[in-house]
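Open the model in your viewer and keep the sequence panel beside it. Each stop below says what to select and what is there.

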Amino acid sequence: MDAQKRIKQLMEERGWTDYRLAKEANLSHSTIANLFNRNNAPTLPTLEAVCKAFGITLAQFFSEGSSALTGE
């Protein structure tokens, strides 16, 4: 799974910018920007913060289908 693509997908579903994600996840904007601009893989603590901001678990993050997010 491409973590950056998944984060982008979740951001688009919510209409969030990278700045908004940084604020919601209580991370620096540069941390989020570096995920995309430098193609850095997120660390586990960063990924946990991102998932918390989205209101999902790590298991839901790694589930490919949206059914994991909607419970269908």
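Helices here are DSSP runs of H or I of at least four residues, strands are runs of E of at least two, and both are numbered from the N terminus.

A note on the source: this is a predicted model, in which local features need pLDDT of at least 70 and side-chain atom pairs count only at pLDDT 80 or more, while totals for chains, interfaces and linings use all residues. Residues are numbered from 1 along each chain as its sequence is written, and side-chain values use heavy atoms, with hydrogens and water left out.

**Stop 1: α4**

Buried means under 20% relative accessible area, exposed means over 50%, and partly exposed lies in between (1.4 Å probe, protein chains only). What covers them?

**Stop 2**

Axes are lines fitted to C-alpha atoms, for helices over the stretch in contact, and angles run from 0 to 180 degrees between N-to-C directions. Angles under 35 degrees count as roughly parallel, over 145 as roughly antiparallel, 65 to 115 as roughly perpendicular, and the rest as oblique.

The crossing of α1 and α4 is left-handed. A crossing gets that label if the near helix is turned anticlockwise from the far one by less than a right angle, and is right-handed if clockwise.

Now pick the contact residues. From α1, take I7, L10, M11 and R14; from α4, take L47, V50 and F54. Contact means heavy atoms within 4.5 Å. By class, the contact of α1 with α4 has six nonpolar, no polar and one charged residues. Ala, Val, Leu, Ile, Met, Phe, Trp, Tyr, Cys and Pro count as nonpolar, Asp, Glu, Lys and Arg as charged, and the others, Gly among them, as polar.

**Stop 3: α2 against α4**

The axes of α2 and α4 come within 8 Å and cross at roughly 95 degrees. The two helices are therefore roughly perpendicular to each other. Select L21, E24 and A25 of α2, then A49, V50, A53 and F54 of α4; they make the contact. This set divides into six nonpolar, no polar and one charged.

**Stop 4: α2 against α3**

How do the axes of α2 and α3 cross? They come within 8 Å and cross at roughly 130 degrees. α2 and α3 are therefore oblique to each other. Their crossing is right-handed. Select D18, Y19, L21 and A22 in α2; they meet H29, I32 and A33 in α3. By class, this contact has five nonpolar, one polar and one charged residues.

**Stop 5**

**Stop 6: the loops**

Select N26, in the loop between α2 and α3. Its phi is near 60 degrees, a positive value in a residue other than glycine. At 70% relative accessibility, N26 counts as exposed.

Next, select N39, which follows α3 and lies in the loop between α3 and α4. N39 has a positive phi of about 55 degrees although it is not a glycine. N39 is exposed, with a relative accessible area of 58%.

Move on to P42, placed in the loop between α3 and α4. Is P42 buried or exposed? At 18% relative accessibility, P42 counts as buried. Not counting residues up to four places away in sequence, P42 touches A3, I7, L35 and L47.

**Last stop: the whole chain**

Show everything. The chain has six helices and zero strands. Buried residues make up 33% of its 72 residues. Among contacts between residues at least 6 apart in sequence, 56% join residues at least 24 apart.
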